[in-house]
Amino acid sequence: MNVKIPAFINIRNEANRRSDFKGIIQKDNFKRFPLDTVKSINSDAEVELSCEFDYEKHPLARGKAKINVTSTCMRCMEDFSYDVIAEFILCAVSSEEQADSLPPEYSPLLINEFGEVNLIEGIEEELIMNIALTPKHPNESCNPFLDATEYADEDEEEHTPVNNPFAALNELKGKLGK
Ligand SMILES: [Zn+2]
């Protein structure tokens, strides 16, 4: 399956035709993956999407994308690879105001002067949102001998002020109130 997903589409036109897309986005297109979390991108993204209108006539591209990446496990510090999977509802909008009025599960994409959205950027954004902030092996494959390195930071003592001025104030208020 080497059909490339188009970089730009007119979601409204595609929704009128009830178009489905299935294909790949080549990994070189992804420039904004967080380098501190993702050490390498190992595959192209596999993408499926369907264009349709919702009951309020919003033009939507609903779909799913999957890509394989390598990160360093934050528990045992070994590299491991895993799939990042994004499920998304992209919605073509013509203004920021329109974007703000959408249901929260929709991801707005601004249309350009040709009525098209940048699909690749939109899907890249969805994938990035699904990358773990602190990637870790699933428990069963993590190196158990290094688990002990997760110790509490003892340097951070609590600094609770001994004299809380508000407590004194509240006490005073309580007395005055009676
Ligand atoms: Zn691990």
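Me: Before anything else, what makes two residues count as being in contact?
Reply: Two residues are in contact if their C-beta atoms, placed from the backbone, lie within 7 Å. In this predicted model, 55% of the contacts between residues at least 6 apart in sequence join residues at least 24 apart.

Me: OK. How many helices and strands are there?
Reply: The chain has four helices and eight strands.

Me: In what pattern do they come along the sequence?
Reply: The pattern reads β-α-β-β-β-β-β-α-β-β-α-α.

Me: And what share of the chain is buried?
Reply: Of the 178 residues in the chain, 22% are buried.

Me: Let's look at strands. How do β5 and β6 run, parallel or antiparallel?
Reply: β5 and β6 run antiparallel, joined by 13 bridges. One of the pairs is Val69 with Tyr82, the latter in β6.

Me: What sits between those two strands?
Reply: β5 and β6 form a hairpin with six residues between the strands. Met77 lies in that loop, which runs between β5 (59-72) and β6 (79-93).

Me: Is Met77 buried or exposed?
Reply: Met77 is exposed, because 10 other C-beta atoms lie within 10 Å of its own, and a residue with 12 or fewer counts as exposed.

Me: Which other non-glycine residue has a positive phi, of about 50°?
Reply: Arg18 has that value and is not a glycine. Arg18 lies in the loop between α1 (11-16) and β2 (20-25). With 10 other C-beta atoms within 10 Å, Arg18 is exposed.

Me: Back to β6. How does it run relative to β7?
Reply: β6 and β7 run parallel, and four bridges join them. β7 covers residues 107-110. Ala92 has Leu109, in β7, as its bridge partner.

Me: New topic: where is Lys4?
Reply: Lys4 is in the segment before β1 (8-9).

Me: Which residues does Lys4 touch, leaving out those up to four places away in sequence?
Reply: Lys4 touches Gly23 and Ile24.

Me: And how far is Lys4 from Ala45?
Reply: Lys4 and Ala45 are 10.0 Å apart in space, C-alpha to C-alpha, and 41 residues apart in sequence.

Me: Last one: why does Lys4 count as partly exposed?
Reply: Lys4 has 14 C-beta neighbours inside 10 Å. A residue is buried at 20 or more and exposed at 12 or fewer, with partly exposed in between, so Lys4 counts as partly exposed.

Technical notes. Residues are numbered from 1 along each chain as its sequence is written. This is a predicted model: local features need pLDDT of at least 70, side-chain atom pairs count only at pLDDT 80 or more; totals for chains, interfaces and linings use all residues. Two strands pair if DSSP finds at least two bridges between them.
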